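Biologist: Could you put the model on screen, so that we can go through it together?

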Amino acid sequence: MPGVCSNQLSPSVTVHNMTIETYRIIHLAGLVLVSMGLGGVLLRPSAESKPNKGAAICHGIGLLAMLVAGFGLLAKRAYDFPWPTFIFIKIGIWLLLGAMPALVKRGVVPIGLGWLVAALAGLSAVYLGIHK
């Protein structure tokens, strides 16, 4: 019956699943965007000065891309819950990188320390992704 929802796809509809490589590229592109965004947000004379709006947008889009692609990779690799420890560590690093601009803006973390922590956290996430 036309117009009625069903669980079957029309024969003319083709579903393309994304490959692991596609998720990896999106995940790494997100990392590049987060790095660029953090650089732009943290590159200012003082915590009181206003951050670059474009850098903040770049940071947010990168975080979203990393989140979506990261969970896509989990699904493709068929990791079941409870996940391995490295995944929880990477989620913690993702949260830290996401919160870093707010922590610097509120003065909780000085700008110089924010740079150092962001760089070390990003490098740690890359290391975990390669050597898990």
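Biologist: What does Lys90 count as, and at what relative accessibility?
Modeller: Lys90 counts as partly exposed because its relative accessibility is 23%, where buried means under 20% relative accessible area, exposed means over 50% and partly exposed lies in between, with a 1.4 Å probe and protein chains only. This is a predicted model, in which local features need pLDDT of at least 70 and side-chain atom pairs count only at pLDDT 80 or more, while totals for chains, interfaces and linings use all residues. Residues are numbered from 1 along each chain as its sequence is written, and side-chain values use heavy atoms, with hydrogens and water left out.

Biologist: And where is Lys90 found, and what does Lys90 touch?
Modeller: Lys90 is found in helix H3, helices being DSSP runs of H or I with at least four residues and strands being runs of E with at least two, numbered from the N terminus. Leaving aside residues up to four places away in sequence, Lys90 touches His27, Ala125, Leu128 and Gly129, a contact being heavy atoms within 4.5 Å.

Biologist: What's the overall make-up of the chain?
Modeller: The protein chain has four helices and zero strands, and 29% of its 132 residues count as buried. Among its contacts with a separation of 6 or more, 70% are between residues 24 or more positions apart.

Biologist: How do H1 and H4 cross, then?
Modeller: The axes of H1 (residues 20-42) and H4 (residues 111-131) come within 11 Å and cross at roughly 175°, the axes being lines fitted to C-alpha atoms over the stretch in contact and the angles running from 0 to 180 degrees between N-to-C directions. That crossing makes H1 roughly antiparallel to H4, a term for angles over 145 degrees.

Biologist: Which residues make that contact?
Modeller: Leu31, Leu38, Gly39 and Leu42 of H1 meet Ile111, Gly114, Trp115, Ala118 and Val126 of H4. Seven of the residues in this contact are nonpolar, two are polar and none is charged, with Ala, Val, Leu, Ile, Met, Phe, Trp, Tyr, Cys and Pro taken as nonpolar, Asp, Glu, Lys and Arg as charged, and the others, Gly among them, as polar.

Biologist: Switching to pockets, how much space lies in the largest pocket?
Modeller: The largest pocket holds about 650 Å³ of space. A pocket is an open set of points on a 1 Å grid over the protein atoms alone, where a 1.4 Å probe fits and protein lies on both sides within 12 Å along at least five of seven lines, and lining residues have an atom within 4 Å of a point. Its lining has 25 residues, and those closest to its centre are His27, Gly70, Leu73, Lys90 and Gly129. H3 gives the largest share of this lining, seven residues, and the classes come to 17 nonpolar, four polar and four charged.

Biologist: And what about the second largest pocket, what volume does it have?
Modeller: The second largest pocket has a volume of about 170 Å³, and its lining includes Leu31, Leu38, Trp115 and Ala118. H1 supplies the largest share, six residues, and the lining has nine nonpolar, three polar and no charged residues.

Biologist: One last thing, which residues does the cis peptide bond join?
Modeller: The cis bond joins Phe81 and Pro82, with omega at about 5°, and Pro82 lies in the loop between H2 and H3.

Conventions: Angles under 35 degrees count as roughly parallel, over 145 as roughly antiparallel, 65 to 115 as roughly perpendicular and the rest as oblique. Grid points are joined across faces, edges and corners, and a volume is the space filled by probe spheres set on the points.
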